[in-house]
Amino acid sequence: TTLGASALVVGLIEGLAEATALMVKVFSGALSDYLGRRKGLAVFGYALGALTKPVFALASGTGFVLAARLLDRIGKGVRGAPRDALIADIAPPEIRGAAFGLRQSLDTVGAFVGPLLATGLMLLWADDFRAVFWVAVIPGLLAVGLLWLGVREPEKPLPEQRSNPIRRDNLRRLGGAYWWVVGVGGLFTLARFSEAFLVLRAQQIGIALALVPLVMVAMNIVYALAAYPFGKLSDRVSHSRLLAGGLLVLIAADLVLAASTHWSTLLGGVALWGIHLGMTQGLLATMVADTAPADLRGTAFGFFNLVSGLAMLVASLVAGLLWDSQGAAFTFYAGAAFCLVTLVALAWRRAGNTASRAG
């Protein structure tokens, strides 16, 4: 709004930013496997994210926003795969789903406290969002300090001869079950696009600018409340069935958001969106950890997120094009259609497994 960007430009910025983060994870994950150490990369990634906040505050055009957003997401990419692999290294296998669910839940607490604080400061400071970005530097640096001082990495003996984790023979060791998780994760990402479009939808139906961040607050409160219980549930039920349930909830969210004309219906769709995230994001991380060898977990998370990143770029660009040419409702209907395609892929895989067991 402030810089006069179209929905397509928003989709381009968000898609490139998220895709950049997820592609960087390939290299940071592989590097953490090669080094046998993950914490240092995670600390560096969080520090880079914190130090980009002043660039947002000083931005005078969409080019500056894109540059800052890319640097911020590079920081996310550097920390993401090593952090997830570190969780998998620490958590006992029988409660790994709960561990990833808890991580998603606590991560999301920050994601709704941040917009809530932003809303209060924008109301207090007459919509001065630039000042809000300066404030955001403080918790970012506190997070770096907490990670550096509060997390102890488990000691692992290093092999005498270390090999490149992304060599062909190492990639073969990841196996068919892992690559199926990568494929279905990519399809799932095509079915959803950047949450920036939820904010655009809120603004479109007339919510005041200072209150728009409350959309993200509502979504992330639901996400935070749902992630840990569904993570625990994933330790006891079929992963494919739980993933299918998350897709059905996303379809419901898309349909409600497409039909929204009032803030109450919009919040209903946003809440469903948060539930689907709680059901699926920790679950997908657990599925990656369960299907990858321990010494290649960083690489496994990296490639999973590479495919998801490319899918996110496509999904956000398509969403921006559809929004500008066909309108908001059509964009959300298209998301629901991609969900149906992913459900068909899950059903086909399940039928194939059943047939092979019967044979």
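Trainee: In which helix is the place of Asp-33?

Mentor: Asp-33 lies in helix α1, residues 7–35, a helix here being a DSSP run of H or I with at least four residues, numbered from the N terminus. This is a predicted model, in which local features need pLDDT of at least 70 and side-chain atom pairs count only at pLDDT 80 or more, while totals for chains, interfaces and linings use all residues. Residues are numbered from 1 along each chain as its sequence is written, and side-chain values use heavy atoms, with hydrogens and water left out.

Trainee: Why is Asp-33 called buried?

Mentor: Its relative accessible area is 12%, and buried means under 20%, whereas exposed means over 50% and partly exposed lies in between (1.4 Å probe, protein chains only). Asp-33 therefore counts as buried.

Trainee: What makes the pairing of Asp-33 with Arg-38 a polar contact?

Mentor: Their side chains come to 2.9 Å, and a polar contact is a pair of N or O atoms within 3.5 Å (within protein, one must be able to donate a hydrogen and the other to accept it, and residues adjacent in sequence count only if both atoms are side-chain atoms). Leaving aside neighbours within four places in sequence, Asp-33 is also in contact with other residues, including Pro-165, Asp-295 and Arg-297, contact meaning heavy atoms within 4.5 Å.

Trainee: How do you know that Arg-297 and Asp-89 meet in a salt bridge?

Mentor: The N to O distance between their side chains is 3.1 Å, and a salt bridge is a side-chain nitrogen of Lys or Arg within 4 Å of a carboxyl oxygen of Asp or Glu, so the pair qualifies. The two residues are 208 residues apart and link distant parts of the chain, with Arg-297 in helix α13 (residues 297–326) and Asp-89 in helix α4 (residues 62–90). By this rule the count comes to 10 salt bridges.

Trainee: Are Asp-72 and Arg-73, which also meet in a salt bridge, buried or exposed?

Mentor: Asp-72, at 5% relative accessibility, counts as buried, and Arg-73, at 11%, counts as buried too. Their bridge has an N to O distance of 2.6 Å.

Trainee: What makes Asp-169 and Arg-167 partly exposed?

Mentor: Asp-169 has 36% relative accessibility and Arg-167 has 41%, so each value falls in the range in between. Asp-169 forms a salt bridge with Arg-167, the closest N and O atoms being 3.2 Å apart. Elsewhere, salt bridges that share partners join Asp-33, Arg-38, Asp-89 and Arg-297 into one network.

Trainee: Why is the reach of helix α8 called close to the expected one?

Mentor: Helix α8, residues 175–190, has 16 residues and reaches 23 Å from its first C-alpha to its last, close to the 22 Å expected, where the expected span is 1.5 Å times one less than the number of residues. Its buried residues include Tyr-178, Trp-180 and Phe-188.

Trainee: Which residues form the nonpolar patch on the surface?

Mentor: Leu-102, Leu-106, Val-109, Val-113 and Tyr-228 form the patch, with about 400 Å² of accessible area together, by the Shrake-Rupley method with a 1.4 Å probe, where for residues only the protein chains shown count as cover. Patches are made of residues with over 30% relative accessible area and no salt bridge, nonpolar side chains (Val, Leu, Ile, Met, Phe, Trp, Tyr) being joined within 5 Å and like charges within 9 Å. Leu-102, at 38%, counts as partly exposed, and it is found in helix α5, which gives the most to the patch, with 4 residues.
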